[in-house]
Amino acid sequence: GFGADLGAEKFVDIKCRKSGLRPDACVIVATIRALKYHGGVDRAALGQEDLGALGRGLANLERHVHNVRTHYGLPCVVAINRFPDDTDAEIVKLQAIMSSHGVPVILATHWADGGAGAEHLAKAVVAVIDKGGSQFRFVYEDTLPLWDKMHAIATNIYGAAGISADAKVRGQIRKLQD
């Protein structure tokens, strides 16, 4: 879903590491409403066209795509759950910006149309996988100390400059590490 930070990080660094799963691609799901909300639109106005807010909100989606491709080494497809309030101009803008990143953007209506509404998405995912390019990797090595794992997540996934904690918290982390 539209949370390739916490959700994908847990999936990759915990679930995949422990289960042996190695994905070939990733689907990032978003809505135009969510992108406009991230761009500063008030909830009451989300149903109205706002290309400026959409453009500002796209920074969030671009970060998720960056994380998936750069830090997890996975090619991706962006699935946009299309809703009736989404305008053609908003869709064109979204597709144009994401195409500059070389990421396919597929409109999906499976919420309304069932499997038929996801057929184009499924074909796009298969095409991305068939092209290859997966260089799946973890954000951190399992052998790192807990503090270093936290640092890797904070700096790589969230863009933090670093991490800090007071002595009491550092002591708790050392205790957990031990």
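The structure holds zero disulfides, a disulfide being a pair of cysteine sulfur atoms within 2.5 Å. The model is predicted: local features need pLDDT of at least 70, side-chain atom pairs count only at pLDDT 80 or more, and totals for chains, interfaces and linings use all residues. Residues are numbered from 1 along each chain as its sequence is written, and side-chain values use heavy atoms, with hydrogens and water left out. The cysteine sulfur nearest to that of Cys 26 belongs to Cys 76, 6.2 Å away, which is too far for a bond. Cys 26 is buried, with a relative accessible area of 18%, and Cys 76 is buried at 5% (buried means under 20% relative accessible area, exposed over 50%, partly exposed in between, for a 1.4 Å probe and protein chains only).

Turning to the helices, α3 (residues 51–71) packs with α7 (residues 146–157) at an angle of about 125 degrees, their axes lying 11 Å apart. Helices here are DSSP runs of H or I with at least four residues, numbered from the N terminus; axes are lines fitted to C-alpha atoms over the stretch in contact, and angles run from 0 to 180 degrees between N-to-C directions. The two helices are therefore oblique to each other, the class left after angles under 35 degrees (roughly parallel), over 145 (roughly antiparallel) and 65 to 115 (roughly perpendicular). Arg 63, Asn 67 and His 71 of α3 meet Thr 155, Asn 156 and Ile 157 of α7 in this contact, defined by heavy atoms within 4.5 Å.

Among the buried residues of α7 are Trp 147, Thr 155 and Ile 157. After α7 comes Gly 159, with a positive phi near 75 degrees.
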